[in-house]
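The sequence and the structure come first.

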Amino acid sequence: MARPKPWEVDDELWAVIEPLLPKVERRARHPGRKRHPDRLVFQGILFVLHTGISWEHLPQELGFGSGMTCWRRLAEWTEAGVWPRLHEVLLAKLRGANALDFSRAAVDGSHIQAFKGGPKTGRSLVDRGRTGSKHHVITDATGIPLAATLTGGNRNEVTQLIPLLQAVPPVRGKRGRPRRRPDVVLGDRGYDHDKYRRLVRDLGVKPLIARRGTEHGSGLGNQRWVVERAFAHLHWLRRPRIRWEIRVGIHQAFLTLGRAIVCWRRLKSSADLIPQPEPATSASPSGVRR
């Protein structure tokens, strides 16, 4: 059997997404053209997310609708706040499956090119001064992305340490109060500033940040590598890898949707690792199983 394409939405994933989408009632008078099915349009958005193709080049033979239809639906759902809610729902499912570890978190930033400029761009300090943006991500101890922020390419990563911790949503999934803060946050030497250490402690989180001027080998890299893997998973999706959108909201929508896709894949893989109970066997009157 052919392996499903990554933009094909199965019934299980659609059952999570559909309740989050705003309901649009068709007008009784002058209804106009029938609205393209949401599920197909969502697959068109995923196709652009995975391939990085331009909206106008979206193949019509796939049946996902035109590129403009998919773009408008993405903007509509972004304005309705669908993607952050989807991310929160999947984080809650991961926590309920004991696949989320708040014992520590890791933070890091990654520069991306922004060819068309726009808000939250700047001259990169690592890419010969080219215009770019930065993705800043915080993950749990296993590399699941909890939150992300977007800044210009000239912003220092330490400035996003507190915004990242504050951007982590309240994660439900278990009885009791939602979990929002990790116990410990790990950062490399780019986050070495005593002012921010104090601010992190004020949030009830312990900072473990490497000191500048010290020799390598502190051991933090053995735990921080998970955030680098999270960037690899996010930027494996081609659309967030390069910022083509001038509008900040559209690029952030792709970034949030990408985090949700990473969470969904982890949820599916963790479900596959859980052993299934063996079917009950019937017993004969003599007590011998058969």
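What share of the contacts in the protein with a separation of 6 or more is accounted for by residues 24 or more positions apart? Such residues account for 65% of these contacts, where contact means heavy atoms within 4.5 Å. The model is predicted, so local features need pLDDT of at least 70 and side-chain atom pairs count only at pLDDT 80 or more, while totals for chains, interfaces and linings use all residues. Residues are numbered from 1 along each chain as its sequence is written, and side-chain values use heavy atoms, with hydrogens and water left out.

**Overall architecture**

- The protein has 9 helices and 6 strands; these are DSSP runs numbered from the N terminus, helices being H or I with at least four residues and strands E with at least two.
- Taken along the principal axes, the C-alpha atoms fill a box of roughly 70 × 70 × 35 Å.
- Of the 290 residues, 44% are buried; buried means under 20% relative accessible area, exposed over 50% and partly exposed in between, with a 1.4 Å probe and protein chains only.

**Nonpolar cores**

- The largest nonpolar core holds 60 residues, and Phe-42, Trp-83, Leu-86, Ile-138 and Leu-257 touch the most other members. A nonpolar core is a set of buried Ala, Val, Leu, Ile, Met, Phe, Trp, Tyr and Cys residues joined through side-chain atoms within 4.5 Å.
- Helix H9 (residues 248-273) supplies the largest share of this core, with 9 residues.
- A second, separate core of 9 residues includes Ala-106, Val-137, Val-226 and Phe-231.
- When residues up to four places away in sequence are not counted, Leu-257 touches Phe-42, Ile-45, Leu-46, Leu-49, Trp-83 and Leu-86.

**Packing of H2 against H3**

- Helix H2 (residues 38-51) and helix H3 (residues 67-79) have axes that come within 9 Å and cross at roughly 95°. Axes are lines fitted to C-alpha atoms, for helices over the stretch in contact, and angles run from 0 to 180 degrees between N-to-C directions.
- H2 contributes Asp-38, Val-41, Phe-42, Gly-44 and Ile-45 to the contact, and H3 contributes Thr-69, Cys-70, Arg-73, Leu-74 and Trp-77.
- By class, the contact of H2 with H3 has 6 nonpolar, 2 polar and 2 charged residues. Ala, Val, Leu, Ile, Met, Phe, Trp, Tyr, Cys and Pro count as nonpolar, Asp, Glu, Lys and Arg as charged, and the others, Gly among them, as polar.

**Aromatic pairs**

- The structure holds 7 aromatic pairs. Rings of Phe, Tyr and Trp (its six-membered ring) pair if their centres lie within 6.5 Å; planes under 30 degrees apart count as stacked, over 60 as edge-to-face and the rest as tilted.
- The pair of Phe-42 and Trp-83 is stacked, because the ring centres are 6.1 Å apart and the planes lie at 25°.
- This pair links distant parts of the chain, with Phe-42 in helix H2 and Trp-83 in helix H4 (residues 82-96), 41 residues apart. Both residues are buried.
- Phe-115 and Trp-244 form a tilted pair, at 5.2 Å centre to centre and 35° between the planes.
- Phe-115 lies in the loop between strand S1 (105-113) and strand S2 (122-123), and Trp-244 in the loop between helix H8 (238-241) and H9, so the pair ties together parts that are 129 residues apart in sequence.
- Trp-244 counts as partly exposed, at 35% relative accessibility.
- One aromatic cluster is formed by Trp-14, Phe-42, Trp-77 and Trp-83.

**Individual loop residues**

- Glu-157, in the loop between strand S4 (145-152) and helix H5 (161-167), is buried with a relative accessible area of 16%.
- Leaving aside neighbours within four places in sequence, Glu-157 is in contact with Asp-108, Gly-109, Lys-134, His-136 and Tyr-191.
- Gly-65 is found in the loop between H2 and H3 and counts as buried at 13% relative accessibility.
- Gly-65 and His-36 are 29 residues apart in sequence and 6.9 Å apart in space, C-alpha to C-alpha.

**Positive phi**

- Most residues other than glycine have a negative phi.
- Asn-98 has a positive phi, near 60°; this residue lies in the loop between H4 and S1 and counts as exposed at 60% relative accessibility.
- Lys-120 also has a positive phi, near 60°; Lys-120 is in the loop between S1 and S2 and counts as partly exposed at 40% relative accessibility.
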